[in-house]
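Subject: Handover of a structure and findings

Dear colleague,

Please find below the structure that I am passing on to you. My notes on it follow directly after.

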Amino acid sequence: MTHLLDLIHPDAGTVLISEWRTGTPERTRAAADAVIQEWAAAEPPPARLAQHLFVATDGTGLLHYAQWTSDEDHLAWARAHRTAVISRVDTLVPGIERPGLNRTRLHRSVVHDAGPRPGVFAVTMTTAVEEMVENADTPVTGLLATHIHLAADGGRAIVVSEWTDATAHETAAADAPGVRTYTLHHSLTP
């Protein structure tokens, strides 16, 4: 699997992170296939620099990680095209829950071990921003890298950490609330 830093586009003015809750592995696969079909069929927006799709390790959802030139460019595209794209996915997989889109900027990345490829990505949403920034430098067995994305309001962060495998993550973060783990499923770059 690829490191997150290999996926990050240097010209990204905004990183959009959103979760889709599908409920079952079958629905997750169907939603992932529908999203990929929509991406392949549509004219790529010039302001979308990269789009990555992650699948939850428990099979209950997807995580979208999109990089755009700016929030304004994304909003212009969303006003004109999002409804059509999403409605086609919803026709194939009705009832997807979408808790919301997070507009972020990559604040900081700390790489502990660039050698091994990550087996799993752990995603945490938190308001303990300063604590996460301070803890990012602390090496933990199996932790390859930590990437802190700050929300536009500065009061929240989404932390994407790379782990050698699910067991290493579970051992280190067994009691951490609200952490979901994913694997990279598909990437789309111009």
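Beyond its neighbours within four places in sequence, Arg180 is in contact (heavy atoms within 4.5 Å) with Glu19, Ala56, Asp58, Thr60, Gly61, Phe121, Ala122 and Val123. Arg180 lies in strand 8, where helices (H or I, at least four residues) and strands (E, at least two) are DSSP runs, numbered from the N terminus. With a relative accessibility of 24%, Arg180 counts as partly exposed; the classes are buried for under 20% relative accessible area, exposed for over 50%, and partly exposed in between, with a 1.4 Å probe and protein chains only. Between Arg180 and Asp58 there are 122 residues of separation in sequence and 8.8 Å in space, C-alpha to C-alpha.

Please note that this is a predicted model, in which local features need pLDDT of at least 70 and side-chain atom pairs count only at pLDDT 80 or more, while totals for chains, interfaces and linings use all residues. Residues are numbered from 1 along each chain as its sequence is written, and side-chain values use heavy atoms, with hydrogens and water left out.

A second residue in a strand is Ala145, which is found in strand 6 (residues 143–151). Is Ala145 buried or exposed? Ala145 has a relative accessible area of 3% and is therefore buried. Leaving aside neighbours within four places in sequence, the contacts of Ala145 are Val110, Val111, His112, Val160, Ser161 and Glu162.

Turning to the fold, the protein chain contains five helices and eight strands. Their order along the sequence is α-β-α-β-β-α-β-β-α-β-β-α-β. The radius of gyration, taken over C-alpha atoms, is 16 Å, close to the 16 Å given for 190 residues by the globule rule (2.2 Å times the number of residues to the power 0.38), so the protein chain is as compact as a globular protein of that length. The C-alpha trace spans about 45 × 35 × 30 Å along its principal axes. Of the 190 residues, 44% are buried. Among contacts with a separation of 6 or more, 77% are between residues 24 or more positions apart.

Helix 2 (residues 25–41) has 17 residues and reaches 24 Å from its first C-alpha to its last. That span is close to the 24 Å expected at 1.5 Å a residue, the expectation being 1.5 Å times one less than the number of residues. Its buried residues are Thr28, Ala31, Ala32, Ala34, Val35, Ile36, Glu38 and Trp39. An α-helix has 3.6 residues a turn, so residues three or four places apart point the same way. The cover over the buried residues of helix 2 includes strand 1 (14–21), strand 2 (48–56), strand 3 (61–68), helix 3 (71–92) and strand 8 (180–188).

Ala40 is also found in helix 2, but at 66% relative accessibility Ala40 counts as exposed. The C-alpha atoms of Ala40 and Glu97 are separated by 23 Å. Pro10, in the loop between helix 1 (4–7) and strand 1, is likewise exposed, with a relative accessible area of 74%.

Yours sincerely
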